[in-house]
Amino acid sequence: MKTMKRRVKIAGLVVLLTSCRSHTPDTPISGSPIRIQPLVTRVTGTYFDSDDRIGLTVTTGTETYADNRELTYDGESFSSTELLWYNDTTQPCTLSAYYPYAPAGTPNLFTVPADQSAAGYAAADLLASRRSNVLPSITPTEMLFDHLMSKLRLEIDNRSDGEVTSVTLEGLLPTARIDWEELRAAA
């Protein structure tokens, strides 16, 4: 009987020890926030700014888990307390993200503002990213964002006595149709 009690105590200790193991940073955990670590250079600088927002869509197989969910940049990663990983931590997914976030949904058309003097050229920046075979994790998922539009930079070399007060460009097509499957923009 003493041997049996000792075995039960040892078995209980083994169960207790194995259940107390902590998760390593790469261990998948359902119910933790989805976080995106962006890799990009932005039009306004070399990185995203705090409070920038992206739209994120998460698909698992043929099902959409999250559609155009708003994530906010905190200086390190994009996240939302309302968007958590799904329960099946072995099910891979595809993450599709874009900047800037549009509450109406992923835009099919994107128009560069004709007058960028007030909002600056940040409003003309359209970025997109896609990453496949992602498993839920407590660590941020790295996503490489690509520019879908071109930046045109003008330098005015005024050699006259008059002041340049405005610049007008003609012959440009400021609106592009966005192909989100191919991550391309075409006028």
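Which residue is the bridge partner of A128 in β9? In this predicted model, the bridge partner of A128 is D146, which belongs to β9.

**Strand pairing around β7**

Strands of a sheet pair through backbone hydrogen bonds, and they can do so either parallel or antiparallel. Strand β7, which covers residues 127-134, runs antiparallel to strand β5, residues 93-99, and six bridges join these two strands; within this pairing, C93 stands opposite V134 in β7. Strand β7 also pairs with strand β9, residues 146-147, again in the antiparallel sense, over two bridges.

**An open sheet of three strands**

The strands β6, β10 and β11 form an open sheet in the order β6-β10-β11, with antiparallel pairing. Its edge strands, which pair on one side only, are β6 (109-111) and β11 (184-186), and neighbouring strands of this sheet are turned by 35° against each other on average when direction is ignored. Strand β10, residues 175-179, pairs with β11 over three bridges, and in β11 the bridge partner of R177 is A186.

| Strand pair | Sense | Bridges |
|---|---|---|
| β5 and β7 | antiparallel | six bridges |
| β7 and β9 | antiparallel | two bridges |
| β10 and β11 | antiparallel | three bridges |

**The second largest pocket**

The second largest pocket has a volume of about 210 Å³, and its lining includes S96, A97, Y98, S129 and R130, along with W180 and E181. The elements that give two or more residues to this lining are β5 and β7, and the largest share, three residues, comes from β5. By residue type, the lining of the second largest pocket divides into four nonpolar, four polar and two charged residues.

Methods
Residues numbered from 1 in each chain as written. Predicted model: local features only at pLDDT ≥ 70, side-chain atom pairs only at ≥ 80, totals over all residues. Heavy atoms only, no water. Pairing = 2+ DSSP bridges. Helix = DSSP H or I, 4+ residues; strand = E, 2+ residues; numbered from the N terminus. 1 Å grid on protein atoms, 1.4 Å probe; cavity = no way out; pocket = protein on both sides within 12 Å on 5 of 7 lines; lining within 4 Å. Points joined across faces, edges and corners; volume = space filled by probe spheres on them. Nonpolar A, V, L, I, M, F, W, Y, C, P; charged D, E, K, R; others polar. Axes fitted to C-alpha atoms, helices over the stretch in contact; angles between N-to-C directions.
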